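Open the model in your viewer and keep the selection tool at hand. The stops below say what to select and what is there.

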Amino acid sequence: MEAMIERCAGLDVHQETVVACVLFGPLDKKPKTSIETFSTTTTGLLALSDWLATLQVSDVVMESTGVYWKPIWNILEGSFHLVLANARHVKNVPGRKTDVKDAEWLAKLLRCGLIESNFVPPEDIRDLQDLTRYRKKLIHHRTSEQNRIHKILQDANIKLTSVLSDIFGVSGRRILEAILNGEKIETDGLRKMVDWRTKASITDIASAINGRIRRHHRDMLRFHWEHMGYLEQTIEELEKQIDQLLSPYRKEVELLDGIPGVNKAAAATFIAEMGIDMSVFKSAKHLASWAGVSPGNYESAGKKNE
């Protein structure tokens, strides 16, 4: 195989250690090899960075192994040209697997230009990605709590969902809080709770909330209600941090927001997952594949398998 990089390194990453193999020398000759093992503590990774710099390494490759590659990437980023390899694409020869051989194999592949790097967005985009993904998870948790509240209301024979399109709207929240507090809801008080835009009549709503609620129901409702409130507060704080990180990308957000069906929350997710530099993707097909909206292509002996 023709060599293309004079000084490169392959890193075999683990939770506690990282084995580094450096290949260096003229491209037309067999390269020299230097192998060291470092701790994955910050001190150890800084020592790794210094060692690579001493050997004048220009390119470094590592596998995308769980989350263990991330602290190493954070330390080396900016000092070397980093390549994140897909583990399936750089699998070593069976029966010859050791940490040293894995690192050496990665270095050999990189030296010959045979590794295609995975896309790793800049640091601020990675931070935005963490926030948007966590926001999505919390929204799912909030929906789960709302579904549990629906279930308890049905068990208590409170048919609030039959008269209100959204029991977590303004009117629904006021009524639910009164139920949680054990208040006796009379017609005059109910009229003050219900928003004027509500289509259902006060009589229908009063009939719907006349159930058989027990203390157990109130306790369970309170658990879910308080947790839902905590989730909503956390989501609100996440929204503020996401908005701050999007400050440099206002133009891109406005362009994405102009697409039918895309709001600001979706625009933030697009930027977090794909970045704003489309030159990192070879084509629109490559971008679609990265976004997970491209079907897989599996063909063998002329037959396609789904």
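Select Cys 8 and Cys 21 and show their side chains. The sulfur of Cys 8 lies 8.2 Å from the closest cysteine sulfur, that of Cys 21, which is too far for a bond. A disulfide is a pair of cysteine sulfur atoms within 2.5 Å, and a search of the whole structure finds zero of them. Cys 8 is buried, at 0% relative accessible area, and Cys 21 is also buried, at 0%. Buried means under 20% relative accessible area, exposed means over 50%, and partly exposed is in between (1.4 Å probe, protein chains only).

This is a predicted model, in which local features need pLDDT of at least 70 and side-chain atom pairs count only at pLDDT 80 or more, while totals for chains, interfaces and linings use all residues. Residues are numbered from 1 along each chain as its sequence is written, and side-chain values use heavy atoms, leaving out hydrogens and water.

Next, select Leu 160, Ile 175 and Ile 205. Within the largest nonpolar core, which has 26 residues, these three touch the most other members. A nonpolar core is a set of buried Ala, Val, Leu, Ile, Met, Phe, Trp, Tyr and Cys residues joined through side-chain atoms within 4.5 Å. Helices supplying at least two residues each to this core include α6 (170-180) and α9 (215-245); helices (H or I, at least four residues) and strands (E, at least two) are DSSP runs, numbered from the N terminus. The largest share, five residues, comes from α6.

Which helix pair comes next? Select α6 and α9, which pack at an angle of about 135° with axes 10 Å apart. Axes are lines fitted to C-alpha atoms, for helices over the stretch in contact, and angles run from 0 to 180 degrees between N-to-C directions. The two helices are therefore oblique to each other; angles under 35 degrees count as roughly parallel, over 145 as roughly antiparallel, 65 to 115 as roughly perpendicular and the rest as oblique. Among the residues that meet here are Leu 176 and Leu 180 in α6, and Leu 221 and Trp 225 in α9; contact means heavy atoms within 4.5 Å.

Now go to two loops. Most residues other than glycine have a negative phi. Gln 56, in the loop between α1 (42-54) and β4 (59-63), has a positive phi near 60°, and is exposed at 56% relative accessible area. Last, select Asn 157, in the loop between α4 and α5. Asn 157 has a positive phi of about 60° and is partly exposed at 41%.
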